Amino acid sequence: MNHKSLTTTIQKIFIILLLLVPYLSFSQQTDSTHLDQFIAKQVADYKIPGLAIGIIKNNKVIFKKGYGVTSTAKGFPVNTQTIFPISSCTKAFTAAALGILVDDGKINWDDKVIKYLPDFKLSDPWITKEVTITDILSHRSGLKTFDGDLLWYGTKNTRQDIARLIRYSPIRTNFRTDFAYQNIMYLVAGLVVESVTGKTWDEFLKERIFNPLKMTGTATNRDSITSESNFALPHIQNKPIKPLNMYNISPAGGVDSNIDDMLIWMQMLLAHGRIDDTTILADGTINTLTSVKTLFSINKDDGYGLGWYIKHTKNGKVINHNGGMPGYISSVVLLPDSSSGIVILTNKISQINDELVKAITGYMTRNNTFDWKEADKEMSGKNTVFDWDKKRKPQPKKSASIPNFSRYEGEYEDIAYGKAVIRREKGKPFLELLPTKELFSGFLHHIDADHCKIIFNDPFVPEGEVIFIRDTEKKNNRVQAKHRFKRLPL
């Protein structure tokens, strides 16, 4: 080929490239536009006040954006720096903190908890002696799902108080065999960090995770949050409510963060513990955190690791965790086989997080053939209205009448939870749980015999039941009261 023909060929290739670059950019922009429009439509259809989302593919951020507002009353537009509580997605940070201590040679995964917390007790003495760090991080302590949550929800109990009082909860599942989701055990794990390092769990996370990763918008307290802060308020019945203070259960669910910071955290995990020149966790420790420790299905490959749910699909391994509190849902999903991930933060509880994850995962695995209209159609059928978002119907006046109510009046006490009072309020039967009377109080409505229901002041908490049990050994025929509540979704 002579010089002239070579020059002509190069010119043709250059012209083709010039034509191709705008085409590629337009194609990528079209995909991004479709994705953006799809998410915006779902936010509107699901009536979500505010949502922020970030997407990683091949360990590169390919999309991030905020939608809606921080508050429907007087809020700011949500962006990728808007702070949301991540709730139980915090558990991965607490597990990582213990992993850092393993990498430092200061602890082992199979160390007994009492080695670092000698005063720690469960109701079973043998389990108290045997329970390990791995056990408490993988939800196999023998406590039942959500046991002890009333010790922290809205109370003034300290972290140390809660860890001490859990000894009064009975063992109700098979130790080291049954999966039973536990917030208090993650609080205990945070106290292990403090015992080993001499620093608070909060200080350790800031020093060893937040600062090295430059997660400047992430914190474990809300000391700097004001009415002018870029902080998403929770919503119930499409109205903003006061966010619950999570400090006393923080190692289980108290981290606040934003999309920009969470994307950095996820990139570090997808890159086997490293980001740029910074190593947070050893590769082997990442594998430990994301390997099944407790099974909860017949599939031996699916279960819970340390701070993460793990399952295997036709598209590969999926590592994920959700978090929820009144008016909030957070979702973090890692797809390590493709170095991809999705994070979604919202300020209203709905199905939108799970459904968006499903749709976006489908888009990332088959973006050339992905049908946005079909995805929209599928999501439109999943818009469930939860009980706490429905206006509560006023109870008939007659329902508050309880025969011989005077025999139920008085003070009751639970050794762990504390005191409750049953009295008359405006002439009607009324129950107050004193440690959280602003949230857990309300009028009693008679159902039958010694069985009542209660509608609490807290709009997030579903109806409760109060059952009175007669103490036949006492001559005064006093009664004991037991209350039952539905699960809290942290």
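Visitor: Where is the place of Asn248?

Guide: Asn248 lies in the loop between strand 5 (239-240) and helix 8 (250-253); helices (H or I, at least four residues) and strands (E, at least two) are DSSP runs, numbered from the N terminus. This is a predicted model, in which local features need pLDDT of at least 70, side-chain atom pairs count only at pLDDT 80 or more, and totals for chains, interfaces and linings use all residues. Residues are numbered from 1 along each chain as its sequence is written, and side-chain values use heavy atoms, with hydrogens and water left out.

Visitor: Is Asn248 buried or exposed?

Guide: Asn248 is buried, with a relative accessible area of 8%; buried means under 20%, exposed over 50%, and partly exposed in between (1.4 Å probe, protein chains only).

Visitor: Which residues does Asn248 touch?

Guide: Not counting residues up to four places away in sequence, Asn248 touches Trp152, Thr155, Asn157, Thr158, Arg159, Ile162 and Leu187, where contact means heavy atoms within 4.5 Å.

Visitor: How far apart are Asn248 and Thr158?

Guide: They are 90 residues apart in sequence, and 5.4 Å apart in space, C-alpha to C-alpha.

Visitor: And what does the side chain of Asn248 reach at 3.2 Å?

Guide: The side chain of Asn248 reaches the backbone oxygen of Trp152 at 3.2 Å, and the backbone oxygen of Asn157 at 3.2 Å.

Visitor: A new topic: which residues of helix 11 meet helix 12?

Guide: Ile352, Glu355, Leu356, Lys358, Ala359 and Tyr363 in helix 11 do so, and in helix 12 they meet Trp372, Ala375, Glu378 and Met379.

Technical notes
A polar contact is a pair of N or O atoms within 3.5 Å; within protein, one must be able to donate a hydrogen and the other to accept it, and residues adjacent in sequence count only if both atoms are side-chain atoms.
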